[in-house]
Amino acid sequence: MSVSNALSLLGYRVTIVEREPVLGGKVCSLHHPFPGPVSAMDILAPPIDRIREDPRILVNLSTTIESWSYDGSEGLASLSDGTRVRADALVLATGLEEVPPSLVPEYGYGSKKGVITSLELEERLSKGQSPIDGEMHSVVFIQCVGSRTERRGVPHCSTFCCTSSVKNALLLKSEEPSREVTVLYIDIRTAGPEQEALYREARRRGVRFIRGQPSLVMEREGKLLVCGENTLLRELYEIPADLVVLATGLRPRSSNSGMFAGLLIAAGATGFPEPHAPARNGVFLAGSVKRPMAIEEAARDARAAALDIHESLIRVQDR
Ligand SMILES: Cc1cc2nc3c(=O)[nH]c(=O)nc-3n(C[C@H](O)[C@H](O)[C@H](O)COP(=O)(O)OP(=O)(O)OC[C@H]3O[C@@H](n4cnc5c(N)ncnc54)[C@H](O)[C@@H]3O)c2cc1C
């Protein structure tokens, strides 16, 4: 949406092809994204309204691109509904996906009630639902599930999961100050002044931070029990929990790997497209399809992509 609005401002006609029946991507699922205080809808409404009112932007929902051919100055996209669109450039702003938490089976995702992912927590909170049925006296967040690992996940840090968990830990603690809220981490990476302020506030309000990922989430007497070692104090911990939230790693969307291979987009060391690779065949990338990014960075990256396209089209015209 950000690329489209920027390109339209530069005078181009744009066609959006969105696989889902609504615009907005993952942000639709978020509750109150950091750095706050605005809601996801407050973030999404202005660009969506601009797109609706802009005669230069055409939106195709529940649609994908089947193929893209490019002759050096113009391309042709075939869409899944049979439509063909002539275009000067193709922008992939297709985002990323969570590493499947089942890769780390000892945390009980899918087999133990009360174990959910950060994205599922966001979705439930954004719909006004309680994260679990029943009382929530104790909540444990486990960071870096399937990330920063050579096995069972991805090697990179997703950069914003610590802030996302701190934000939700603070929310659940503020909602009920007697609730035990614990974050289990490898390192806390809340880089940036607003992010660090959230971390300080969470500590001030009594959210507990323990260094050391758990080795196991088990069930005892109908309650979850999170077991591991505090690697700073060299002490074992066992934390009873009603809700365990897994902050999963983020990786390229597997459903798009065929499309990327067809468009000759090479993967770099992290599995995301090779960074700094020049645009080829009229194809540009924007936002979190390149690497994990928070909303503000993704929107900035999208505006930069629009300028890249503008510059390359001026070069094509000058040839
Ligand atoms: C658990 C979690 C919590 C987060 N919390 C925050 C937060 O608090 N604050 C913050 O700033 N950021 C947060 N983020 C990051 C935020 O979600 C991203 O910055 C943002 O979604 C990036 O937007 P995007 O457009 O690059 O990708 P996406 O939002 O993923 O959008 C990609 C779009 O492409 C569509 N698509 C994919 N493949 C195809 C295809 N083949 N054809 C057509 N359409 C396709 C998808 O349906 C989707 O609409 C969070 C992310 C996660 C996972």
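Two strands pair if DSSP finds at least two bridges between them; helices (H or I, at least four residues) and strands (E, at least two) are DSSP runs, numbered from the N terminus. This is a predicted model in which local features need pLDDT of at least 70 and side-chain atom pairs count only at pLDDT 80 or more, while totals for chains, interfaces and linings use all residues. Residues are numbered from 1 along each chain as its sequence is written, and side-chain values use heavy atoms, with hydrogens and water left out.

**View 1. The hairpin of strands E12 and E13.** Strand E12 (residues 214–220) and strand E13 (residues 223–230) run antiparallel and are joined by 6 bridges. Glutamate 219 has leucine 224 of E13 as its bridge partner. In the turn, 2 residues lie between the strands, and glutamate 221 there has a positive phi of about 50°.

**View 2. The open sheet of 3 strands.** The strands follow the order E3-E4-E5 with antiparallel pairing. Strand E3 (65–70) and strand E5 (84–87) each have a single partner strand and stand at the edges, so one side of each is left without a neighbour in the sheet. On average, neighbouring strands of this sheet are turned by 20° against each other, direction ignored; the axes are lines fitted to C-alpha atoms, and angles run from 0 to 180 degrees between N-to-C directions. E3 and strand E4 (residues 75–79) are joined by 5 bridges, and tryptophan 68 stands opposite alanine 77 in E4.

View 3. A polar side-chain atom of asparagine 256 lies 2.9 Å from a nitrogen atom of the ligand. A backbone N or O atom of arginine 19 is 3.1 Å from a ligand nitrogen atom, and one of alanine 294 is 3.4 Å from a ligand oxygen atom. The protein covers 90% of the 1,000 Å² of accessible area (Shrake-Rupley method, 1.4 Å probe) that the ligand has on its own.

Conventions
A polar contact is a pair of N or O atoms within 3.5 Å; within protein, one must be able to donate a hydrogen and the other to accept it, and residues adjacent in sequence count only if both atoms are side-chain atoms.
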